[in-house]
Amino acid sequence: MTPPKAPIDGTATTGDTPPAVSSCLEVIAIRKDFLAASRARRQPTQSMLVQARKRRSEEPHDSTAIRMGFTCSKKVGNAVARNRAKRRLREAARAVLPLKGRPGWDYVLVGRAETTAARPFEDLKRDLIYALTKLHEKR
């Protein structure tokens with residue numbers, strides 16, 4: 001039996017448990033959840049549009065989870081360009097949402113034509129942090 005490989009970032013994990021990040025993030029895959037988010041709060045940034053909504057207590061989803069969804073219209077480009085934009089949004093969300101997102105909320109990140117795929121990754125993460133800060137401000 002071979003010993004388990006150490007994570008690339010040098011942190012140690014115990015047993016077969018995945019890192020804590022994956023336990024608090026879930027992916028939105030149902031159309032009605034995307035539509036509900038589209039009717040809620042939104043914050044545009046240079047590289048994306050972030051839609052956010054607080055889930056109601058009677059909804060069947062885990063109230064401690066942060067749910068995220070990603071979409072890009074055909075304005076972004078062909079399938080290759082849309083998938084690349086969504087991959088970048090997904091990685092930015094995995095890096096930022098566990099730290100800045102709120103449990104019990106749904107977030108949908110909408111890619112923008114040309115800018116989502118071309119913007120430097122650090123700027124993409126900064127845009128997401130800015131949008132989350134604005135979305136969660138007191139109104």
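Biologist: In which sense do strand 1 and strand 4 pair?

Modeller: Helices (H or I, at least four residues) and strands (E, at least two) are DSSP runs, numbered from the N terminus. Two strands pair if DSSP finds at least two bridges between them. Strand 1 (residues 25-27) and strand 4 share 3 bridges. Their sense is parallel.

Biologist: How far can I trust this, and how do you count?

Modeller: The model is predicted, so local features need pLDDT of at least 70 and side-chain atom pairs pLDDT 80 or more, while totals for chains, interfaces and linings use all residues. Residues are numbered from 1 along each chain as its sequence is written, and side-chain values use heavy atoms, without hydrogens and water.

Biologist: Which residue of strand 5 stands opposite methionine 68?

Modeller: Strand 4 also pairs with strand 5 (residues 105-111), in the parallel sense over 5 bridges. On the strand 5 side, the residue opposite methionine 68 is tyrosine 107.

Biologist: What is the handedness of the crossover from strand 4 to strand 5?

Modeller: The chain passes from strand 4 through helix 3 (residues 79-100) to strand 5. Point the strands away from you: a clockwise path from the first strand over the helix to the second is right-handed. This β-α-β crossover is left-handed.

Biologist: Why is strand 4 called largely enclosed?

Modeller: Buried means under 20% relative accessible area, exposed over 50%, partly exposed in between (1.4 Å probe, protein chains only). Strand 4 covers residues 66-71. It is largely enclosed by the rest of the structure because the buried residues number 5 of the 6.

Biologist: Is glutamate 91 buried, exposed or partly exposed?

Modeller: Glutamate 91 sits in helix 3. Its side chain makes a polar contact (N or O atoms within 3.5 Å; within protein, one able to donate a hydrogen and the other to accept it, and sequence neighbours only if both atoms are side-chain atoms) with the side chain of arginine 94, at 2.7 Å. With a relative accessible area of 40%, glutamate 91 is partly exposed.

Biologist: Is aspartate 127 buried or exposed?

Modeller: Aspartate 127 lies in helix 5. Its contacts (heavy atoms within 4.5 Å) include Thr45 and Arg119. At 10% relative accessibility, aspartate 127 is buried.

Key. Lists of a residue's contacts leave out its neighbours within four places in sequence.
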